[in-house]
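Please look through the structure below.

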Amino acid sequence: MDKDGQIKVSDKYSLQGRVFNRLREDILSGKYKENDELREMTIGAELGVSRTPVREALRQLEFEGLVSIIPNKGAYVIGISKKDLKDIYEMRARLEGLCARWATKNATDENISRLEEISDLSEFHYAKKKFDKVLELDNEFHELLYEMADSKMLYKTLSDFHHYLEIIRKKTLSSDERVCASIKEHKDIVEAIKAKDKDRAEELAILHMKNTIKNIEAHKLL
């Protein structure tokens, strides 16, 4: 707040951001189903905020195509269709390749050490069948690559795609066979980055996504 007791713009958007992230997560996780109504008052009470940040968050969700706001009626969940998810995976495959190429160019010894550590920890937790931890480490692996690419536009796009695919990713990383293969693919990407081989890193990152798509199709997850 400023000296007059007014909420600063940065504070307001920080609050809106928290509400937005929570609602988006609830939609993508399946808590809210397609055509569910999102009532400002109910959500505000649940999250302990006023209706204003909820209203602003709903507008942003409408912009992202997850919510439809009908004048004089309310806000309703659209969600992500199976076609949307397939499209996202196809786009993500190409962008992950570009990300790996740029990450290789910018990689530091510290970055590479952290990628290796994440891969080793993934193997450790996979051996103990701790798939939730493996998923968490998978998030860390890709998040670090996005940061290494050093492009705010690419980071934003891939981070959003990562969120949109959360439900499917949980399913794909609960299969022994796919988890084992995914960890191996991560290690291969790290070796290419370590060797400063941009072409190989890009090729392997694209292959990683294509193998994920094949697994999804094989198990009819979409």
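What is the strand order of the open sheet of three strands, and is the pairing parallel or antiparallel? The order is 1-3-2 and the pairing is antiparallel; two strands pair if DSSP finds at least two bridges between them. Helices (H or I, at least four residues) and strands (E, at least two) are DSSP runs, numbered from the N terminus. This is a predicted model, in which local features need pLDDT of at least 70, side-chain atom pairs count only at pLDDT 80 or more, and totals for chains, interfaces and linings use all residues. Residues are numbered from 1 along each chain as its sequence is written, and side-chain values use heavy atoms, with hydrogens and water left out.

Strand 2 runs antiparallel to strand 3 (residues 74–77), and four bridges join them. S68 has Y76 of strand 3 as its bridge partner. Helix 3 (residues 51–63) packs on the sheet and touches strand 1, strand 2 and strand 3, where contact means heavy atoms within 4.5 Å.

Elsewhere, helix 6 (residues 131–149) and helix 7 (residues 152–164) have axes that cross at roughly 165° and come within 9 Å. Axes are lines fitted to C-alpha atoms, for helices over the stretch in contact, and angles run from 0 to 180 degrees between N-to-C directions. Helix 6 and helix 7 are therefore roughly antiparallel (angles over 145 degrees).

S119 lies in helix 5 (residues 109–127). Its relative accessibility is 2%, so S119 counts as buried (under 20% relative accessible area, 1.4 Å probe, protein chains only). Beyond four places away in sequence, S119 touches F141, I183, H186, K187 and V190.

How values were computed. Buried means under 20% relative accessible area, exposed over 50%, partly exposed in between (1.4 Å probe, protein chains only). Angles under 35 degrees count as roughly parallel, over 145 as roughly antiparallel, 65 to 115 as roughly perpendicular and the rest as oblique.
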